[in-house]
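I opened my notebook today to look around a new structure.

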Amino acid sequence: RCLSALRRRCDIAGKRLSGPGLAAEGRVLRAVLYAYHSRLLRHRPYLALQQVEQCLKRLWKMNLVGCLETLVKLIPKKNASKAHAECLVPSQPMLETVALKVLGGCKLILRLLDCCCKAFTLSVKHLCSKEFILLNTLASGLLSRLWFVIQYRCVLQTLTSLYGALSTMLHLVSETQQAPYIKGFTFPSDISDFLGVNIPSETKKQKAQMLIIKKSTSWMKKLFPPMPEAVSKVGKKRRTEACTSAMKNRSILCAMDIGETVV
C-alpha cells in the first residue's frame, strides 16, 4: 500500500514539475534578461528578475524529475507484488537521497515564489514612475504568470505530500534494515517544521500582497488617463464606421473572382 502511494505521488510530482508551463516561462524570462542585459545592469527590477531566473536554474539543475523517475523504476508494479509474497523495495540510501532533494526543492520553490512577489512589486512601482515601460510591463505579466503556474499546478503542495509518503516509506525501510547514507542530518517528520512556514497561509499572504499592489497603484490609469467623453464618442463613431465599411468591402471581395483586379 505504501509503495503504490509512493509511486502515484512520484508520478504526479514528476508531471507537474516537467509540465510545459514552467519551462515556457523560464525560456521567456531568459530571453527578456538577455535582451535587456546591456542596458539595465543596475536597474532594480532587472536585478530582481535575475534572482527569479537563478532560482529556476537551480531548480532545473537539481534534476529532481530525473531522480523521481529513477525511484519509480525501483518500485515494483502491482502485478509483481501480487505474484510474490515478498518484493524488492528501494534502499534506504535511495529514499534518503530523494527525500533530501524534495526538501531542497520545496525550499527553492518557496524562495522562487518570494522572489516573484518582490520582483512584481518593484516592476509595478517602476512602471508607475514611467521608467522602462516595455520591460516592466513584460516583467509584471511574466512574473504573475510564473507565480500562477506554480500555484495553479500545486507544485509545492504536491512535493510536500510526496515527502510525507517518502518519510513513511523511509521509516519502514530503516526499521527493517538500518543502512543510513546521509549522516549528521535528521529527516523531519513534518515538512512544515523544516520549511518554517505554513504553506497555505503563505500563499494567501503573497496573493493578497500582489493584488493590493495592483489595486492601490492603479498603474494602468496613470499611464493611460481616461479620455474626455466627447473624444471617446467620436472615436467610437469612427470605429463603427470603419468596421461597417470593412464588412462591405469584404462582402464585395467574396462575391468577386480571386483572379479579377479590384479597383
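**Ground rules.** I am reading a predicted model, where local features need pLDDT of at least 70, side-chain atom pairs count only at pLDDT 80 or more, and totals for chains, interfaces and linings use all residues. Residues are numbered from 1 along each chain as its sequence is written, and side-chain values use heavy atoms, with hydrogens and water left out.

**Entry 1: the core.** I began with the largest nonpolar core, which has 67 residues. Such a core is a set of buried Ala, Val, Leu, Ile, Met, Phe, Trp, Tyr and Cys residues joined through side-chain atoms within 4.5 Å. Buried means under 20% relative accessible area, exposed over 50%, and partly exposed in between (1.4 Å probe, protein chains only). The residues with the most contacts inside this core are L6, V52, L71, V102, L159, L162 and L166. Two or more residues come from each of α1, α2 (20-35), α3 (44-61), α4, α6, α7 (133-152), α8 and α9 (191-195). Helices here are DSSP runs (H or I, at least four residues), numbered from the N terminus. Which helix gives the most to this core? I found that α6 does, with 19 residues.

I also looked up L162, leaving aside its neighbours within four places in sequence: L162 is in contact (heavy atoms within 4.5 Å) with L6, R9, C10, A13, L68 and V102.

**Entry 2: helix α4.** Helix α4 covers residues 64-74, and its buried residues are L64, V65, G66, C67, L68, L71 and V72. Their cover includes α1 (2-17), α6 (92-128) and α8 (155-176).

How do α4 and α6 pack, and at what angle? Their axes are 10 Å apart, and the angle is about 150°. Axes are lines fitted to C-alpha atoms, for helices over the stretch in contact, and angles run from 0 to 180 degrees between N-to-C directions. That makes α4 roughly antiparallel to α6, since angles over 145 degrees count as roughly antiparallel, under 35 as roughly parallel, 65 to 115 as roughly perpendicular and the rest as oblique. In this pair, L64, C67, L68, T70, L71 and L74 of α4 meet M94, L95, V98, K101 and V102 of α6.

**Entry 3: helix α3.** I then turned to α3 and α6, whose axes come within 9 Å and cross at roughly 160°. That makes α3 roughly antiparallel to α6 as well. On the α3 side the contact includes R44, V52 and L59, and on the α6 side G105, L112 and H126 are among the partners.

**Entry 4: cysteines.** How many disulfides does the structure hold? I counted zero, taking a disulfide as a pair of cysteine sulfur atoms within 2.5 Å. For C10, the closest cysteine sulfur is in C67, 9.0 Å away, too far for a bond. C117 is in no disulfide either, as the nearest cysteine sulfur, that of C116, is 8.5 Å away. C10 is buried at 2% relative accessibility, and C117 is buried with a relative accessible area of 3%.

**Entry 5: two more residues.** Is Q92 buried or exposed? I noted that Q92, in helix α6, counts as buried at 6% relative accessibility. Beyond its neighbours within four places in sequence, Q92 is in contact with residues including L170, V173 and P180.

Last, I checked N63, found in the loop between α3 and α4. N63 has a positive phi of about 55° although it is not a glycine, and at 44% relative accessibility N63 counts as partly exposed.
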